[in-house]
Amino acid sequence: MSALAPNRIARLRLDRWAIALVLVAIYLVGLVLSPSAFGNPVYLLNTVRQVTPVGIAAIGVTMVMIIGGVDLSVGAVISMTVVLSAALMDGAASNMPLAIAVACCAGILMGAINGALIAFSRVSPFILTLGTGIALIGLTQMFTGGTARGAVAPGFREVFNARLGGTLPVLALFLLGLTAVGLVIEKRTLLGRHLFLLGSNAQAARLAGLPVRGITIAAYTLSGLFAALAGLALLARSGVSSTQAGQGMEFQVLAAVVLGGTTFEGGRGGIIGTVIGVLVLGLAFNLVNVMGLPYHAQLVVMGAIIIAASALYGQLGGAGN
Amino acid sequence: MKLTKRLFTSSLGALAVAALVSAPACAQSVDALREAKASEIVDTAPFVKEGPYRVGVSAGYLSNSWVIFALQQLRWEASKHDVEEIIVTDAAFNPAKQISDIEDLLRQDIDLLIYWPVDDASVEDVLARAIADGVPTVQAGGGFTASDSTVANAYISQWKLGEMVARQLVKDMGGEGKVVAMLPIAGTVAAVEQLAALETVLADHPGIELAAVEYGDWNRAKAKQITENLLQRFPRIDGVFSPAGQMSIGMAEAFDEAGRLSEVTFSPGDEFNGWLKWVAQHGQGGAVTFPTKAGSVALQVGLDILQGNEVKRGLAVASEYIAPTDIGDYADMDAPDDWWATDLPAEFLPQQ
């Protein structure tokens, strides 16, 4: 025991911080290749603002993946939230609280439906959330008739896109705040502990009398809520009131979550890793872009960075084994 | 606009794309070849029928505001003619489903098939079967399809559009300065033709440097993110070539947030309402249209075939330049961004 303990501790620490080392490595490469960008706090904080919608959605999906599930409907929930909130705002500031509340409730409802269907049936989360996502895209199209409806309320974008002190973007603070909320849930609540227990061994969790269905519904409900908040962030960031605003975003989210160390098997990973994974992807994109590489070379380098990051993470994470 | 243009214009042949990639001059010649092919007269005799007509519309996708407006244009046009029914199917970007959709439409005894493809090659066989059954096929709104399976096209030339946008930008910049280009999805005909047109125009204006070519995927948020990086890379950017209004707004926001909006001249975008509103507010840029009336033109062409009138293989739906001073007639300041300038009567407008 005493001989194994240091190795075990080393492995746990490397597991936890490997992705952070990857982030630092990409940052240092950026600093060398483009010091004017990567040495500029305004630019770096803007990168955080850019990744905020993906980052928020990824926090919710992390909770689902910790229990061994997956949520492919987040892109559709984001699109729905964008359209629904813009339609309810209808260009009037007085409608903003209602629009935000309804959008969040819609996300919660979609998440709860996903969770309940998964908890009370034997359908795989992959298929089920793919199905609900497709259905939701259809419902959003039916609601809008194919074109966007409504308009963003004055003040909504201005507030979220402001920079405190001319440097710190409010949207980045929004991501930071929601990361803190996610961490509190993960680290400080009974639900957080139950998520890991269920993900580590579902059978044992059942035998131990854990409310497995309740935990599953709670995890997916949180994923729905965070996806709705991501939709609001996207609306604030880009002003896009489009039925396809969140299209494909689920894959960016999954990439970030997995890169951050949360596995499809469940039981491991966490929100800190996910947020760092989101930042790794954001920095990598900006790095190849700001270097001025031709588009196709950007794709090659971006792909190589993701593979290298993943391999490095695997090496560092497994170093203590 | 996003995927609309990509998929609408993907109907150009692979040969044309390969030629376009090789050189702008070649792209120009491909455009000329396309025009020559488009001017061929179609044999309408096998398709002549008495009305009323039943029209099948096989949409590659309907989840897009431009397509919705084009479809409403088609419905409006149908209301003026002896058309008893329009049956619309949505393939939702699924090539296999589009084949099934067209087969289903043929089983419903349609007289005319109007389509826009998810993938040209995948529908070629089923379109040939439609023609064999005496149903003429008309491709709506995208690039020109030279295949024998397509009787006629109502097409929009991305080359012409790109050239008009480039020439206006050069003029507005006074022939001097550094330009960045924001194009749609890399490799699509829209992106290839627009870039080729830009390079051709710039070849005549050595005072303008094309500093960067980026691909924003018809995505406003992505265009904004890329532009934020361009602003970091280049201490000065004098001009922006961005024919898609959806991406132009994202770029303009990035310039504005960086406090550098005053240094740059924007090219015309299209008639995406969010862009038109921006032009109305800022008095620059203007628009070169990607006309939604391609839907009504496609129906007119189809009805001409059914009535045995003389029809060309391709009818170009011409883009038009709208100056910033005239933009007020087109921008709807109360409508959402994702809306299109249109002459549709109220009863045919999409829901808002």
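Me: Is Asp217(B) buried, partly exposed or exposed, and what is its relative accessible area?
Reply: This is a predicted model. Asp217(B) counts as partly exposed because its relative accessible area is 24%, and the partly exposed class lies between under 20% for buried and over 50% for exposed.

Me: Where in chain B does Asp217(B) lie?
Reply: Asp217(B) sits in the loop that runs between β7 (208–215) and α9 (220–233) of chain B.

Me: What is the phi of Asp217(B)?
Reply: The general idea comes first. Most residues other than glycine have a negative phi. Asp217(B) is not a glycine, yet its phi is positive, at about 60°.

Me: Which loop of chain B holds Asp109(B), and what is its phi?
Reply: The loop between α5 (95–107) and β3 (112–116) of chain B holds Asp109(B). Its phi is positive, about 55°, although Asp109(B) is not a glycine.

Me: Is Asp109(B) buried or exposed?
Reply: Asp109(B) is exposed, since its relative accessible area is 60% and the exposed class begins over 50%.

Me: Now the interface. What is the area buried between chain A and chain B?
Reply: The size of an interface is often given as the accessible area lost when the parts come together. For chain A and chain B the buried area is about 2,700 Å², and carbon and sulfur atoms give 44% of that.

Me: How many residues of each chain are in contact with the other chain?
Reply: Chain A contributes 38 residues and chain B contributes 31.

Me: How many salt bridges are there between chain A and chain B?
Reply: The count is three salt bridges. One pair is Arg237(A) with Glu228(B), whose closest N and O atoms are 3.1 Å apart. As for polar contacts, 14 residue pairs across the interface of chain A and chain B are found, with both residues at pLDDT 80 or more.

Me: Which elements of chain A each supply at least two residues of the side that touches chain B?
Reply: They are α2 (35–38), α3 (41–66), α6 (125–144), α11 (212–238), α13 (271–290) and α14 (295–318). By type, that side of chain A divides into 23 polar residues, eleven nonpolar and four charged.

Me: How many helices and strands does chain A have?
Reply: Chain A has 14 helices and two strands.

Me: Why does the radius of gyration of chain A agree with that of a compact globule?
Reply: A compact globule of 321 residues would have a radius of gyration near 20 Å, and chain A has 20 Å, so the two agree. The C-alpha trace of chain A spans about 65 × 55 × 35 Å along its principal axes. Of the 321 residues in chain A, 54% are buried.

Me: Is Ala205(A) buried or exposed?
Reply: With a relative accessible area of 4%, Ala205(A) is buried, because that class means under 20%. Ala205(A) belongs to helix α10 (residues 202–207) of chain A.

Me: Which residues is Ala205(A) in contact with, leaving aside its neighbours within four places in sequence?
Reply: Ala205(A) is in contact with Leu197(A), Leu198(A), Leu210(A) and Val212(A).

Note on methods. Residues numbered from 1 in each chain as written. Chains lettered and ligands numbered in written order. Predicted model: local features only at pLDDT ≥ 70, side-chain atom pairs only at ≥ 80, totals over all residues. Heavy atoms only, no water. Contact = heavy atoms within 4.5 Å. Buried area = accessible area lost by both parts, 1.4 Å probe. Salt bridge = Lys/Arg side-chain N within 4 Å of Asp/Glu carboxyl O. Polar contact = N/O pair within 3.5 Å; in protein donor to acceptor, adjacent residues only side chain to side chain. Helix = DSSP H or I, 4+ residues; strand = E, 2+ residues; numbered from the N terminus. Nonpolar A, V, L, I, M, F, W, Y, C, P; charged D, E, K, R; others polar. Rg over C-alpha atoms; globule rule 2.2 N^0.38 Å. Buried < 20%, exposed > 50% of the residue type's maximum accessible area, 1.4 Å probe, protein only.
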